[in-house]
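Me: I'm new to this one, and I'd like to learn how to read its features step by step. Could you walk me through it?

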Amino acid sequence: MSDTLILYPIFPLLALTFYVLFRTFFMRVAAVKSGTVSAKHYRLYTEGEEPEACRANSRHLTNLLELPPLFYISCLLIYVTGINSVILTALAWLFVLSRFLHSYIHLGKNNIRHRYRVFAAGVFSLMLIWIISLVEIIRL
């Protein structure tokens, strides 16, 4: 199996993160232009209240900057150490799929039960990536 295959799942997740980043920016600009929120609000987030859709999008962006860095590091570690396997690559793609589904749910109807289950599946797949990586590195 090619060691570089573990790097491929990184790029769709980066694309999703940049999409949500730009979406956040444009939603905030639209909210300020429409007068829904004051531009001053974004200095310290203390003046007024951000529209719910903007707040959910902002929170989701924060979420994409919390757990995924552990994923990026794991992929790079797997690549550098040459321990890639079908299982690790499949788990990496499962994590990315879980993040896309989580985004779809969170930025859509935001059903908490569905969102939690998808999030938990992603956390579990990432934990397995790290556990398997540790075992494989010890075996080197």
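**Helices, bridges and a patch**

Reply: Let's start with a crossing: H5 and H6 cross in a left-handed way, where left-handed means the near helix is turned anticlockwise from the far one by less than a right angle, and right-handed means clockwise. Keep in mind that this is a predicted model, where local features need pLDDT of at least 70 and side-chain atom pairs count only at pLDDT 80 or more, while totals for chains, interfaces and linings use all residues. Residues are numbered from 1 along each chain as its sequence is written, and side-chain values use heavy atoms, with hydrogens and water left out.

Me: At what angle do H5 and H6 pack, and how far apart are their axes?

Reply: Two packed helices are described by the angle between their axes and the distance between the axes. Here H5 and H6 pack at about 160°, and their axes are 8 Å apart. That makes H5 roughly antiparallel to H6. Angles under 35 degrees count as roughly parallel, over 145 as roughly antiparallel, 65 to 115 as roughly perpendicular, and the rest as oblique. The axes are lines fitted to C-alpha atoms, for helices over the stretch in contact, and the angles run from 0 to 180 degrees between N-to-C directions. Helices themselves are DSSP runs (H or I, at least four residues; strands are E, at least two), numbered from the N terminus.

Me: How do H4 and H5 pack?

Reply: Helix H4 (residues 68-81) packs with H5 at an angle of about 160°, and the axes are 12 Å apart. H4 and H5 are therefore roughly antiparallel, and H4 passes H5 in a left-handed crossing.

Me: What sits in the loop between H5 and H6?

Reply: Asparagine 110 lies there, between helix H5 (86-106) and helix H6 (112-139). As a general idea, most residues other than glycine have a negative phi. Asparagine 110 has a positive phi of about 60°, although it is not a glycine. Its relative accessible area is 27%, so asparagine 110 is partly exposed; buried means under 20%, exposed over 50%, and partly exposed in between (1.4 Å probe, protein chains only).

Me: How many salt bridges does a search of the whole structure find?

Reply: A salt bridge is a side-chain nitrogen of Lys or Arg within 4 Å of a carboxyl oxygen of Asp or Glu. The search finds four. One of them joins glutamate 50 and arginine 28, with the closest N and O atoms 3.3 Å apart. Glutamate 50 is in the loop between helix H2 (41-44) and helix H3 (52-64) and arginine 28 is in helix H1, so the pair ties together parts that are 22 residues apart in sequence. Glutamate 50 is buried at 7% relative accessibility, whereas arginine 28 is partly exposed at 22%.

Me: What do arginine 55 and glutamate 49 form?

Reply: A salt bridge, with the closest N and O atoms 3.5 Å apart. Arginine 55 is partly exposed at 35% relative accessibility, and glutamate 49 is exposed at 59%.

Me: Which residues make the nonpolar surface patch?

Reply: Patches are made of residues with over 30% relative accessible area and no salt bridge, with like charges joined within 9 Å and nonpolar side chains (Val, Leu, Ile, Met, Phe, Trp, Tyr) within 5 Å. In this model, Phe18, Leu21, Phe22, Phe25 and Phe26 make a nonpolar patch of about 540 Å². Phenylalanine 22 is in helix H1 (residues 10-34), and counts as partly exposed at 48% relative accessibility.

How values were computed. Areas by Shrake-Rupley, 256 points an atom, 1.4 Å probe, with all protein chains shown as cover.
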